[in-house]
Amino acid sequence: MTDGPYKRVLLKLSGEVFGGGQVGVDPNVVSSVAKQIRAVAERGVQVAIVVGGGNFFRGAELQQRGMERDRADYMGMLGTVMNCLALQDFCEKEGVQTRVQTAITMGQVAEPYIPRRAERHLEKGRVVIFGAGSGMPYFSTDTVAAQRALEIGAEVLLMGKQGVDGVYDSDPRHNPAAVKFDELTYDEFLARDLKVADATAISMARDYKLPMIFFGLDEEGSIEAVVAGEKIGTAVHA
Ligand code: UDP
């Protein structure tokens, strides 16, 4: 049984996390994330994960360099699947049962996205890792994280970030005077046009009253802490 506030969570991991700030996958970082996921799963919390792909490709960046946006976005989505497989591998090395489900069908490496099957896996204590975004160009994995959280009935959307430990009024990586918010409403977030998540994800969370917590992954044990209900990062709610 879980002793924290949540029974089922959706964790969004940015692609940046997987690369440790570089292109590709850093096994040490993924291994450390997997250890934390094991600790959370051992508390009896059901964990679903949406994985980003910015450590490989972002459609918008490839478009700026001359590619057609939709094809570039498909490359972005395929990049997320590589992160999923890396995470699956390190989770299973930790003894955590996992299933990867992708929004673009690729039967040799993953199950297709079947929400009710995902819920069944979660009930059985398996960690479910969602890849390939929504399967649709012009979306982001942040928006997919909100959608999947709603569809599988997660109580909270936990936005794990690399290099930043919450939501600030400007980018703390560029502005040392940036001020961190402990809490924000969805409307404040949108009115300030904050770039730490895309507006579609925030407005979806607002419309369906899905609480979000932005937190940093650089500190050891932060996934366990946020799942246990410790007040870290920035809570975004109504
Ligand atoms: N992407 C997409 N549709 C989706 C999700 C993602 O086209 O539903 C593409 C998009 O090009 C995006 C890339 O996949 O830039 C990687 O995802 P994202 O940028 O959200 O990853 P993160 O910033 O979390 O690493």
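Val50 has Phe130 of strand β5 as its bridge partner. On another strand, Lys12 stands opposite Val50 in β2. The model is predicted: local features require pLDDT of at least 70, side-chain atom pairs count only at pLDDT 80 or more, and totals for chains, interfaces and linings use all residues. Residue numbers start from 1 along each chain as its sequence is written.

**Sheet**

Helices (H or I, at least four residues) and strands (E, at least two) are DSSP runs, numbered from the N terminus. Two strands count as paired if DSSP finds at least two bridges between them. By these criteria nine strands make up an open sheet with mixed pairing, in the order β4-β3-β5-β2-β1-β6-β10-β11-β9. At its edges are β4 (111–112) and β9 (183–185), each of which pairs on one side only. In general, strands of a sheet pair through backbone hydrogen bonds, either parallel or antiparallel.

| Pair | Sense | Bridges |
|---|---|---|
| β2 (residues 46–51) and β5 (residues 127–131) | parallel | three bridges |
| β1 and β2 | parallel | six bridges |
| β1 and β6 (residues 156–161) | parallel | five bridges |

Strand β1 (residues 8–13) is mostly covered, with five of its six residues buried. A residue is buried if 20 or more other C-beta atoms lie within 10 Å of its own, exposed if 12 or fewer, and partly exposed in between, with C-beta atoms placed from the backbone.

**Annotated positions**

The unreviewed UniProt entry lists a "binding site" at Gly53, Asp73, Ser134, Gly135, Met136, Pro137, Tyr138, Phe139, Ser140 and Thr141. UniProt positions are given in the numbering used here, feature names are shortened, and annotations may be inferred rather than shown by experiment. These residues spread over 89 residues of sequence but cluster in space, the largest C-alpha distance being 14.1 Å.

Gly53 is in the loop between β2 and α3 (59–64). Gly53 counts as buried because 27 other C-beta atoms lie within 10 Å. Contacts are residue pairs whose C-beta atoms, placed from the backbone, lie within 7 Å. Leaving out residues up to four places away in sequence, Gly53 touches Gly15, Gly76, Met77, Gly79, Thr80, Asn83 and Thr141.

Phe139 lies in the loop between β5 and α6 (141–152). Phe139 has 20 C-beta neighbours inside 10 Å and therefore counts as buried. Not counting residues up to four places away in sequence, Phe139 touches Gly133, Ser134 and Val144.

Key: Two residues are in contact if their C-beta atoms, placed from the backbone, lie within 7 Å.
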